[in-house]
Amino acid sequence: VKMAGGVSLLPPLCIVLAHGYQVWAQWVRTDTPTLVVNEFDSVVLSCIIHSSHNKHRIEWKKLNAVTDFVYFDKQIQGDLRNRAELQGGSSLKIRNVTRKDTAVYRCEVVFVETGSLDEISVNLTVQVKPVAPKCDVPTSVPVGKAAILTCTEHEGYPPPTYAWYRNGVVVPRDPRSNSKFINSSYKIDYSTGTLHFSVTSKMDIGDYHCVAKNNAGQARCEPQRMDVCKLASAAVFGVFHILCVFG
């Protein structure tokens, strides 16, 4: 559009509009949406802010049955007060993690200029090494009878799997896979730690121990002896007794 004298008003108007327009580029992301660490390690939950402006408010929350503040009003809160700190202005570093720290954590960012909110979540799992399991091994079993060996451990996380050993050799799932166990008759449950002999024989005599294992480590109980004996009757002062005879 031209006025008298050939002066155009449109380009100056476009310049004014261009100068009055602002592009708001702001969002939040994480490089660590899922974290698995061992107990007592340190870990960083990343919260990375992309913004063309520097004014924003940050909060970290721990989401369990209830929602707890971890970072609020520019301070670490709750049981992480002496074990956590903000790193790089927005990421959360936790030292000496424990199993109680396992949770989903949410980083919430409010961009002050626009009032908009963006957030990311980080799923933290703390693995715990098993302690020495409790093992129960019968000391003597009559030949041909059943025997049950148990192994339990309640501290490890995730829950451990179990393996049994006889005389230092792992008890295989299938007895036929190892000549040392080919004459044995048993079933082993790796999730419960139960070794069940349906019928015992002299071949089953030995020192048994169990190992509890998960991704954080493993632990074992001390070996315990299981003997297999023959039943015999004997009269003592005219009274018959059932005896377990070894050898």
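Colleague: In β18, which residue is the bridge partner of Y186?

Modeller: The partner of Y186 in β18 is F197. This is a predicted model, in which local features need pLDDT of at least 70, side-chain atom pairs count only at pLDDT 80 or more, and totals for chains, interfaces and linings use all residues. Residues are numbered from 1 along each chain as its sequence is written, and side-chain values use heavy atoms, with hydrogens and water left out.

Colleague: How many bridges join β17 and β18?

Modeller: Strands are DSSP runs of E, at least two residues, numbered from the N terminus, and two of them pair if DSSP finds at least two bridges between them. Here β17 and β18 (residues 194-199) pair over five bridges in the antiparallel sense. They belong to an open antiparallel sheet of four strands, ordered β12-β14-β18-β17. Its edge strands, β12 (134-136) and β17 (185-189), each pair on one side only.

Colleague: What joins C151 and C210?

Modeller: A disulfide is a covalent bond between the sulfur atoms of two cysteines; the cut-off used is a sulfur pair within 2.5 Å. The sulfur atoms of C151 and C210 are 2.1 Å apart. The torsion about their S-S bond is about -85 degrees, so this disulfide is left-handed. C151 is in β14 (residues 147-152) and C210 in β19 (residues 206-214), so the pair ties together parts 59 residues apart in sequence.

Colleague: Is C151 buried or exposed?

Modeller: Buried means under 20% relative accessible area, exposed over 50%, and partly exposed in between (1.4 Å probe, protein chains only). C151 is buried, with a relative accessible area of 0%.
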